[in-house]
Each structure stands twice: as structure tokens, then as C-alpha cells.
Amino acid sequence: MITEALDALAAAGVSLSRGVIEQRQDGNPDGALLDAIRHLDEQKISLTNEALQAVRAGAEQLAFNPRTNLRTLLDQALERIEQRSASSAA
Amino acid sequence: MAHWPTELQRVLAALTTDAANRAVPLMAHAAEFGRRESLAFITDAFPEFITPFIAGAGDIAATIYEDLPGGIDGYTAFTADPPPLDKLAAAGRYALLRGIESFIEGMLTRLINNGFRDTTFENIAKEYGEPVILEAPGAVLGTLWARHASANACGFCRVLATRGAVYHSEESATRVIGESIGLTITDKRRLFQEYHVGSMAELRKVAPEAIARERERRQYYTSEKAARKAGKHVGDRKVGRLRGTQDYGDKFHDKCHCTAIAVRPGGHYEPAPYVRQWEADHEQAINDAQEAGELTGGRDDIKVIARRMDQIERDRRNSDTSSNISAPDVKDVRDDDAPATDSAADDGGNGTGNGTDRTGFGSPDEFPKLPDGSSVPYGPSDVAPLDSWDFDYFAGKSTQSGGGHRYGSKIDGKTEFAQWVQSLDDLQAIQDAALTSPSVRVYPAGWGRYQFRSAVNVRGHAMVVHVVLDAHGYPVTIFPVNGDGVGRNVGGRREDRPFDLDALLNWTGDDH
């Protein structure tokens, strides 16, 4: 699911950052997807419905220690991306 | 536009920085092994590592040499051979045993800058047919080559850089004649009166040609008595004594950024503008030291003069008086790390450094600075220990992706630790080693996180490890990039990921 999400982003024409690519190649696809989502949010990028679904499915597979606030940050970023994507589609 | 030797210093400094960025993790990695193994490793690795940098500096020197004015028609410059492997290996072992980052950087500066200097000296020797420079470069400083120091060089380097700053004639720049014959007190008084000035510094500003003319006149015997006393004839050129600091002329202490600029046959060298100020400082330093009775005529005189020059420079900056140093030159290659004058002179280029700025590989209580100069808001000892959730994730008991990086997890795209890493203690030992490793590099990772990467050796297993912590020092993830027994799952297969330091050295830490 996680690697598929990254593949879906690439297939949708999203330019993955060097850091994301580096993390994936170094064997940390979880971190790569997390940062890809963060970049999508920071750069206010909208996604196609298909890519969005893949990203959502991948993000659900990510696990975070509850001692950190990363799950909250991730969910908030995803929500903004979904809203933006929905607005673009409309 | 900056004086071109200053640009050259910048290039060499960049080369050294690049080498240091790679050498420190290399040394740190070697230090993770037992003493015997680490020395054996560095004996092989260090010469191979450093030789391209030395050769690169030599290539730069050869290129520049050919571009310098003057020279024999058809002469083609060449790059000097790097030092013998056994010497480089010895330098590497010494650096390893010292284990001090600032020392390693200083040693690299010397080795790489010597690559430039050796090529320069060897080409001078060949083009002039004068091998003396190879035996004693200091003896021909000021005639066959000049010493360029940055504007903020230490006193020791400034003393030496004032030598050879002005080539009074083509002949003096192309022959080994020792020190030019200086002006007498009578000459100076006459020139002061003629040009209405009160010092040599002022005279240099208003009538440098008069100084040159008088000096040239003084190069020849005009008195039959004086000529006869020296075994010469009227009209013969006088040969000045080699300057008292010649023994030091070829000394380049660790971290010294001075470069050797060749003066090719028929060529000339124009020193940086600030050297004129240094010449004035030099004169004043000698006068002050003489008045204070500090000069003995011995080898320590240069240290006294260098200290005096440092003091003059400090006084000038403190009083904010005008100087001949232009703003851009002050921002030249920084010599902040230049050793204190005493130590520089004591070192005599033996490569021992002064050690006053030793910081070690980093304090266990703080991480290295981030690239922007800021700090991680907590230190290694503040990082929260891994807990049961972290272990469950690592061990594949997580409800989400089904596991972390434990051997046998078989999650596509993920690396797996070696099989021996099984318990929370194992994982904690690796994280502790990674965060306190001398090789650790750190970058921001967005959302307040920090990412760390280190080369470590835990329980005899070498690996490059990546750790991510959140803004408050709670662990986010830990995974192996490569190492002994490390693998990565790709398309249902487990590919070996053997230890490779490039994953640390070439890591960009890019979070954008």
C-alpha cells in the first residue's frame, strides 16, 4: 500500500522531492510517503481522485508512536489535500 | 574583484572542506573497530582517500603555473607526484589516534595545500634549473616564489608573506640572490625630505618608484673601498644576506592557508593590496621590539615580531583607524582556525598543530549543528528511550503496516536489520550508538522532526543507521540503510545491503 501510494503519486505526475526519493531508496518507504504528503500539503498541490485514494490507503498503513503528534499532523495535512483536491475537481 | 591568489585560496579551502566532510566520518568509522583493525583499515583507506585531493590541488597548481606571466617558451607544467603511500598512511594513522576533528581538518589542509605547493616548487626547480628550492624553499622565498596569505592570516604567516612582496627588479625575481639590499637611514631621510613624508609607509603611497629607484641603486657597489672589502669591484651587484627568517620561509603550519605563488623567469608577482599595510606593520613591529629590547638575533625573533604584528593589527581594529585593507579582502578565506603565533612558529610546519582549539568529535551532550547553524533543542541524553510500542512496530506486531525493519519482516521496499537484532535492548543499543556516534550527521526533517545518520559498529557489526526523532526527542523511526547482514526487500526478494559508507557521506538530508 505504501509503495503503491508513492507509485500512484509519480504516475499522477507529482514531482517527488529528492529527499522523498532518497528515503525510499534507502529503505524507508514509510518516511518517504509521510514526507511526500507533507510536501503535497505545503506546496498546496491537488490530486486526482485516483491518486488521492492511493495516498489515503498508504497513509492508513503508516504507524506512529502515540507519544508523537505525527498522526495528528498527517491527518490534518491529508484533510487539507482532500479539500483542495475536491475544490479543484469542482 | 578579489586578488586572484585569494580566489585560489578559496578553491583550495573548498577542496579541503570537501575532504574534511568525508574524512571525519571515515575516521569515526575506523575508530569504531578495535585498535588493530582500525589502524589496518586506515592504513589502506586513508592514502586511497586523500591522494585524489592532493593530486587535484597539484593539477590546479600546474594549470595556474602555466598561466603565470613570464616563463621559458614551450615550458609545460606538470603535476608533482603525491607523497609516498606509506607517509600518507602514517598521517592517517596519526590522525586516527589523535581522533580530534579539528586536528584532522588541520592535517588535511596541510596535505592538500602541500599538493599545490609541491607542484609549484617542482615546476620552479625544473624551469629555473635550480633544485635549491626543493631542498630549502625558504631560502628563495621572495625571489623565486612569493607567499600569499589571506588578509586575516595569523602574525606568523603575515611576517613571512611580507617577504617577497615586492620584486625590485626582474633580476631579483629571477635569481637566488637573497635579501635585496635595503635603503640606509641616510637614503630614507633624503627621500622623506624630498617627498615631505615621515615614514616609509607614507613614502610607499606617494613615491613607490623612488623607493624602487633607490633600492636598485643600492644593489651595486659604488664605493671602491666597500667593494674591495667584499672582494668585489665597483659596479658589481651586491648579494644581500638571506633574511633571518629564511628557516621559516617554507613552514606551513596545520590549517595554514598560505599559498606559494611562483615567479617564473621574467615574470613578476604583485602582492595583495593589504600586504603594504603588513610591511608597514612589520617595520613598526621590528622598531617596537627593538625599543623594548625583545630582539636577540636568534630564532625566536620571528615569534616576537609576529606577536607584535598581531598586536598592531588588533590595535588598529579596536581603534577603527583607517587601513589599506579593503572590505572584500577582510572577508577572504577565513583563518579563524590559524594557530596562535607562538604555536605556529613552534610547529614549524611539522604538522602538530597547536591544539588549543581542540573540540573532539563532539560533546556527548549535544548534537552537531544543523546546516543553517542552529541547534537541535535537545541532546542525545535527552532522547526518550524506545518503548514497547517502538519494539512492537519493529517486530511486526503493529496493526498497520505489519512491522518495521526486523529481519524477516519482508515488507516491500524496507530494509531489515541483521538477524542478530532481535530485542528492544538490541535496538536501543543501535539507537544509542547512532545518536552518540562521532560520525553522526543531522538535518531537519519537517514537522519539527530531526533526522540523524551515523556509521556505527554495534557488537561487532558495522552499519549505517538512520534515526528520526520528533521535536521533543521522542523516537519516530530507526532503520538500517546498509551494513553487515542488512538487506532490503525488493519485489519479494531480499537483496543484501553491505556496509557502504557512501550512504553516510553522500547523504543530502534533503527534506524538500
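**Interface and strand pairing in a predicted model**

Me: In this predicted model, which residue in the turn between β6(B) and β7(B) has a positive phi, and of about what value?
Reply: β6(B) and β7(B) form a hairpin that leaves five residues between the two strands. Seven bridges join these strands, which run antiparallel, and B:His466 stands opposite B:Phe479 in β7(B). The turn residue with the positive phi is B:Gly473, at about 90°.

Me: Which strand pairs with β6(B) over nine bridges, and where does it run?
Reply: The pairing is antiparallel, and within it B:Val456 stands opposite B:Met463 in β6(B). The two strands form a hairpin with two residues between them, where B:Arg459 in the turn has a positive phi of about 55°. The partner is strand β5 of chain B, residues 450–458.

Me: Why is strand β6 of chain B described as largely enclosed by the rest of the structure?
Reply: The strand covers residues 461–469 of chain B, and the description rests on how many of these are buried, under 20% relative accessible area. It is largely enclosed because the buried residues number eight of the nine.

Me: How much area is buried between chain A and chain B?
Reply: The contact draws 30 residues from chain A and 37 residues from chain B. Carbon and sulfur atoms give 52% of the buried area, while A:Asp26, A:Arg38 and A:Arg67 lose the most on the chain A side, together 24% of what that side buries. The area is about 2700 Å².

Me: How many salt bridges are counted between chain A and chain B?
Reply: One of them joins the side chains of B:Asp387 and A:Arg67, at 3.1 Å from N to O. The count between the two chains is five.

Note on methods
Residues numbered from 1 in each chain as written. Chains lettered and ligands numbered in written order. Predicted model: local features only at pLDDT ≥ 70, side-chain atom pairs only at ≥ 80, totals over all residues. Heavy atoms only, no water. Contact = heavy atoms within 4.5 Å. Buried area = accessible area lost by both parts, 1.4 Å probe. Salt bridge = Lys/Arg side-chain N within 4 Å of Asp/Glu carboxyl O. Buried < 20%, exposed > 50% of the residue type's maximum accessible area, 1.4 Å probe, protein only. Helix = DSSP H or I, 4+ residues; strand = E, 2+ residues; numbered from the N terminus. Pairing = 2+ DSSP bridges.
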